[in-house]
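Hi everyone, thanks for coming. I'd like to walk you through a structure, so let me put it on the screen.

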Amino acid sequence: MYVSLRDQPGADAAPGAGSTVRRVSSTVFLLGVVSLLTDVSSEMVASVLPLYLTAAVGLSPVAYGFLDGTYQGVSAFVRIAGGYAGDRGGQPKWVAVLGYGASALSRLAMLPAAGFAAITAVVTADRLGKGLRTAPRDALIAEASEPSMLGRSFGVHRALDTFGAALGPLVAFALLATVPGSYDSIFVVSFGFALVGLAVLVLFVPNLRTTAGAARIGLRRALREVGGRKLRRPLLAAGVLGVLTVGDGFLYLSLQERDNFAAGYFPLLYVGTNVAYLALAVPLGRLADRVGRGRVLVAGHGALLACYLLAALPAGGVGLTLGVLLLLGVFYAATDGVLPALVSRLVPAETRGSGIAAAQTVVALARFASSVMFGLLWSLQGPSRSLLLFAGLLFAAVPVAAWLLRGVDRTEAPA
């Protein structure tokens with residue numbers, strides 16, 4: 001990974017050697033550090049939440065499905081607003097600051113929260129912050145990157161983000177091992193990491209004005225671009241695949257039910273997935289730049305299909321559990337950064353944040369529906385049969401998504 005101190009997209013390739021040594025902008029790297037610290041904070045809480053809510057609080061699979069769906073999908077309500085606000089002002093950094101700040105404050109709000117309603121409210125506040133910040137942040141990444149390096153830039157950012165996501169469960173596990181049952185300590189330390197991440201964003205990330213600032217894009221035009229022909233098929237594909245994406249918490253709970261290893265080291269399951277994601281985010285981002293982002297996106301869902309089949313087996317063990325975590329990491333590395341890289345080139349630069357937000361909104365809403373449906377299925381027929389049903393549906397959906405995304409990399413909008 002090379003980091004350039006120059007933020008202009010065209011400055012990334014030096015004469016001569018520039019064709020072989022390509023650099024990622026310092027803006028991308030700094031935003032990755034912000035995400036690293038924020039993900040340490042969020043994953044500290046997320047890694048203990050499924051087991052805590054089902055075992056300690058006593059939520060049923062249906063209630064947990066609703067809460068997990070809220071975690072996955074509530075951010076959809078502000079993603080478009082965040083993307084448009086960043087486009088409208090041409091300074092998405094400050095929109096991102098609001099989102100990161102809201103998530104940081106939600107960590108402290110977990111301290112007095114007790115019961116399903118209060119925890120749901122805090123999770124909602126956290127996810128609304130995430131929804132507000134994600135599209136403006138990704139628009140900054142796209143603005144600071146060469147078009148031919150978008151996959152790599154998003155891959156570097158997601159690698160740093162995922163390094164934090166891998167550290168978070170380790171910190172939570174260490175705290176619980178030191179003081180068993182001390183969830184309050186997790187919330188306080190989590191707030192500290194979030195606050196440092198916010199400080200890095202405010203103090204060190206440059207206030208990079210996007211090209212949208214001069215255009216003063218109107219809401220009507222932004223909505224027209226988001227609903228335009230070039231985005232229609234990618235958004236439909238993202239929705240079809242998203243509604244068949246089972247939340248991580250459900251996958252880990254299914255492993256915990258069949259496997260003593262997963263039950264004993266539950267918070268560390270998140271670490272396994274994130275380590276695989278960390279190792280593969282940059283290579284798969286570069287592969288997407290070369291062979292097509294739509295192809296890599298579809299292939300990532302093939303890995304998710306294999307993940308479902310392994311998780312649905314009636315007997316487990318360390319090897320099979322690690323296989324599930326590896327495949328889940330492959331899925332995220334092939335999709336999480338690749339989708340915004342794909343969408344960012346299908347809309348004009350002045351509506352880039354809105355376009356990315358539209359894709360993220362579709363995915364968030366689809367995953368909300370997925371979590372609620374999977375929770376109901378789990379209650380009716382158990383985890384294994386539910387995973388097999390989702391696997392069958394995903395098997396049918398993958399070729400449909402491949403057809404929808406065919407040739408999409410060749411329909412880029414002008415910069």
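Predicted model: local features only at pLDDT ≥ 70, side-chain atom pairs only at ≥ 80, totals over all residues.

Let's begin with the largest pocket. How much space lies in there? About 210 Å³. Twelve residues line this pocket, and those nearest its centre are Arg295, Leu405, Arg406, Gly407 and Asp409. If you find helix H15, residues 293-311, you have found the largest share of the lining, which is three residues. And what kinds of residues make up the lining of the largest pocket? Five are nonpolar, three are polar and four are charged.

Now for the cavities. Searching the whole structure turns up four of them with a volume of 30 Å³ or more. The second largest cavity has a volume of about 100 Å³. Its lining has eleven residues, and Val45, Ser106, Arg107, Met110 and Asp126 lie nearest the centre. Which elements give two or more residues to this lining? They are helix H1 (26-46), helix H5 (92-109) and helix H6 (116-143). By type, the lining of the second largest cavity has seven nonpolar residues, two polar and two charged.

Hold on to H1 and H6, please, as we now look at how these two helices pack. Their axes are 11 Å apart, and the angle between them is about 160°. Anything over 145 degrees counts as roughly antiparallel, so that is the word for H1 and H6. The crossing of H1 past H6 is left-handed. On the H1 side, the contact is made by Val28, Leu31, Ser35, Thr38 and Ser42. Facing them from H6 are Arg127, Arg133, Arg137, Leu140 and Ile141. Sorted by type, the contact of H1 with H6 has four nonpolar residues, three polar and three charged.

Here is the other pair: helix H11, residues 229-242, and helix H18, residues 352-404. Their axes come within 4 Å and cross at roughly 15°. Are they roughly parallel or roughly antiparallel? Angles under 35 degrees count as roughly parallel, and therefore H11 and H18 are roughly parallel to each other. H11 makes a right-handed crossing as it passes H18. In the contact of H11 with H18, 18 residues are nonpolar, four are polar and two are charged.

To recap the two pairs: H1 and H6 are roughly antiparallel, while H11 and H18 are roughly parallel.

Notes:
Residues numbered from 1 in each chain as written. Heavy atoms only, no water. 1 Å grid on protein atoms, 1.4 Å probe; cavity = no way out; pocket = protein on both sides within 12 Å on 5 of 7 lines; lining within 4 Å. Points joined across faces, edges and corners; volume = space filled by probe spheres on them. Nonpolar A, V, L, I, M, F, W, Y, C, P; charged D, E, K, R; others polar. Axes fitted to C-alpha atoms, helices over the stretch in contact; angles between N-to-C directions. Parallel < 35°, antiparallel > 145°, perpendicular 65-115°, else oblique. Left-handed = near helix turned anticlockwise from the far one by under 90°. Contact = heavy atoms within 4.5 Å.
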